[in-house]
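Me: I would like to learn how to read the features of a two-chain model, taking each general idea before its case. Could you take me through it?

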Amino acid sequence: MAGLTWLAAFVLLPAVGAPLLAHRAYGRLPSTSRAVMAAGAGAAFISLAMTLFTLAGARWEIAPIAAAAALLAWGSRFFLRGEAAKAAPETARADAAESFANAIAGIAVLAALGATLGGAATSSDLVFFWGAKAQQFAAARGVDTAFLREAAHQYMHAYYPPLVVNLFAFATMAAGRFVWTSAALTFALALGALAAGLPGLLRGRLSGRAAAATSALVVATLACIGSQADVAGNADMPLLLFETLAMAMLLRPDCAGASGDLLTGILFCAAASAKVEGLPFVLAASAIALVVRGGTLAERWKAALRLLAPTALSLAAWFAFGVSRQLFTDYSEYGRFFDIHAEHGPGIAAAILRALTDTGRGLPYVVPLLCMIGAGRLGRMAIIPLGTAAALAGFLVFTYLHHANDPAQWIAWSAARVFAPVAMLFALAPHAPATPSEETRRGAGGSPR
Amino acid sequence: MLRRRRTPDPVAIALLGSALLAALALWHVPWRQGLVRPRTLYDNSSARAVAPVYALLTAAAIGIPQGASVVVRAEPPDAMMETWYHRFAVALLPGRRALPSAFYGAFTAPELWRDAEYLVVVGPKPRPEPGRLLLETPDGTVWLRSQH
């Protein structure tokens, strides 16, 4: 029963994000996609509320946190003043290809569920720190600095971004105890949410069958990598959920402008608050999108603010907590910045290749790449996912190069997971439009005519 | 007569790719065990080496009271495994004081943990017996140390 209650706590996420997603400007999104986006926004707001509570020294309690998060969602509507209502999408009967694609996505989600329940996909990091911290923080009703400060708990990575631990602690407070199996099942839950919400997001420009096929490819890729690289219960699947939804929004021409950029920015905030590598993803995707879309300098500044301000706010709150409690001041542990060990370069390349080929014989990375090549000439906007993939890969290699000792073992543990967004971006790239639409460019300024 | 160059259908390519990867994901499901729930979340994962300590600590949690100190050792002693075991004890025995017998692959000084009230041993029963046996499973034993 506690296990079900633990998972049921996540039902609150779309409810918390609903005050924002109920805005008429989001009427263009199909209802399922809207609910999934509301859950993504709700996750960001709940995590931010919990961080602000603990920063202020207030105890975590379910109702005040949910109310504060819903208030943040409602307050975000302030930035949508003047946004026009958008027509609801036309619903069309799914053809055979679309039904087949949906069935594949469903099977991939069931495979993730089966692998998790079968004890074949659980991350050891769930026990090492994601779950251990959430359990402790739920008991302490806040981030337990004494627990993090203990020398024997050094491996807990006190500075890691707070979102996943916060959400797990939230569910733990709701259920009364931490439930390890339920935490592992968040892998299938997040993948299921992606399978439900992504086709509707992609349908903006594509036909229903193309959107469903692209979505199925993304979901099957992540199911495959997630099961084989053991991500169940860690922060990788939540990160991938937020990154995929945000990138799909960014590529949707009719979703630029104040409403689209704000929602993308909130999902970016969730990604950057989930894992360290979420931040370079956010910065790269935002920078490339701002350059590719065009517009005046003023329009780009406004768009940049919407895309990046939620992330800045969330991380500022987290680092303010770290600094004020003298717990951490930056993302540490990766070596001295720019203290590059170039002698490890060839070994790092070989270790990454080995890690990727050891995961489903490399197929979850190669197949999306081949699908992208097979799709023919890509639209110009494909620069956004492909540039982000290149920047993220560069960041990961750059990070591995900072390790003073041979990082081969670290790469063997992490590369299959942390390179998963690259495969997802390959799968999304053929979906990118050829040019930023007129609406997109106007949207950069957020002033609909 | 000019023949129009055929281009592959991107939808068909994506469907083919997704079907292949979904099949690969299905292949990873541990079908052989049927509908029987595995003993632990790690039985069939790449971290299956930690399944015994997960099972043992989950069972031991009932018998080790809140606030008690506990150390988890491997039999025979193994600094790397005991590093992981300490981390599992912190997570799976909340409210108890888990003392590390090893840290980052190196044994800690025995003074750090030798006063632990409870000893969990993953592997064969230790000789001589370190106290009163509280629990014995195929994965190991749980002891109330004799000095207490």
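Reply: What follows goes through a sheet, its helices, the chain contact, some helix packing and a few backbone details. This is a predicted model, in which local features need pLDDT of at least 70 and side-chain atom pairs count only at pLDDT 80 or more, while totals for chains, interfaces and linings use all residues. Residues are numbered from 1 along each chain as its sequence is written, and chains are lettered from A and ligands numbered from 1 in the order in which they are written.

Me: What is the strand order of the open sheet in chain B?

Reply: Helices (H or I, at least four residues) and strands (E, at least two) are DSSP runs, numbered from the N terminus, and two strands pair if DSSP finds at least two bridges between them. Here the open sheet of five strands in chain B has the order β2-β1-β5-β7-β6, with mixed pairing. The strands β2 (97–99) and β6 (131–137) of chain B stand at the edges with a single partner strand each, so one side of each has no neighbour in the sheet.

Me: Which way do β1(B) and β5(B) run relative to each other, parallel or antiparallel?

Reply: β1(B) and β5(B) run parallel and are joined by five bridges, and within that pairing Arg73(B) has Val121(B) of β5(B) as its bridge partner. By contrast, β5(B) and β7(B) run antiparallel, again with five bridges, and here Val122(B) is partnered by Gly140(B) in β7(B). β6(B) pairs with β7 (residues 140–145) of chain B in the antiparallel sense over six bridges, where Leu135(B) has Val142(B) as its bridge partner.

Me: Is β5(B) buried or exposed?

Reply: A residue is buried if 20 or more other C-beta atoms lie within 10 Å of its own, exposed if 12 or fewer, and partly exposed in between, with C-beta atoms placed from the backbone. Five of the five residues of β5(B) are buried, so the strand is largely enclosed by the rest of the structure. The burial concerns both faces, with Tyr118(B), Val120(B) and Val122(B) on one side and Leu119(B) and Val121(B) on the other.

Me: Which strands of chain B does helix α3 of chain B lie across?

Reply: Axes are lines fitted to C-alpha atoms, for helices over the stretch in contact, and angles run from 0 to 180 degrees between N-to-C directions. Helix α3 (residues 79–92) of chain B lies across β1, β2 and β5 of chain B, and runs at about 145° to β1(B).

Me: How many residues of chain B are in contact with chain A?

Reply: Two residues are in contact if their C-beta atoms, placed from the backbone, lie within 7 Å. On that basis, 38 residues of chain B are in contact with 54 residues of chain A. On the chain B side, α1 (10–27) and α3 of chain B each supply at least two residues, and α1(B) gives the most, with 14 residues.

Me: At what angle do α10(A) and α11(A) pack?

Reply: Angles under 35 degrees count as roughly parallel, over 145 as roughly antiparallel, 65 to 115 as roughly perpendicular and the rest as oblique. Helix α10 (residues 186–202) and helix α11 (residues 208–228) of chain A pack at about 160°, with their axes 8 Å apart, and are therefore roughly antiparallel to each other. The axes of α3 (residues 31–55) and α13 (residues 257–272) of chain A come within 8 Å and cross at roughly 55°, so α3(A) and α13(A) are oblique to each other.

Me: Where are the cis peptide bonds and the positive phi angles?

Reply: Most residues other than glycine have a negative phi, and most peptide bonds are trans. A cis peptide bond joins Glu75(B) and Pro76(B), with omega about 0°, and Pro76(B) sits in the loop between β1 and α3 of chain B. Another cis bond joins Arg127(B) and Pro128(B), with omega about -5°, and Pro128(B) is in the loop between β5 and β6 of chain B. As for phi, Arg361(A), although not a glycine, has a positive value of about 55°, and is exposed, with 12 other C-beta atoms within 10 Å. Tyr104(B), also not a glycine, has a positive phi of about 50°, and is exposed, with 11 other C-beta atoms within 10 Å.
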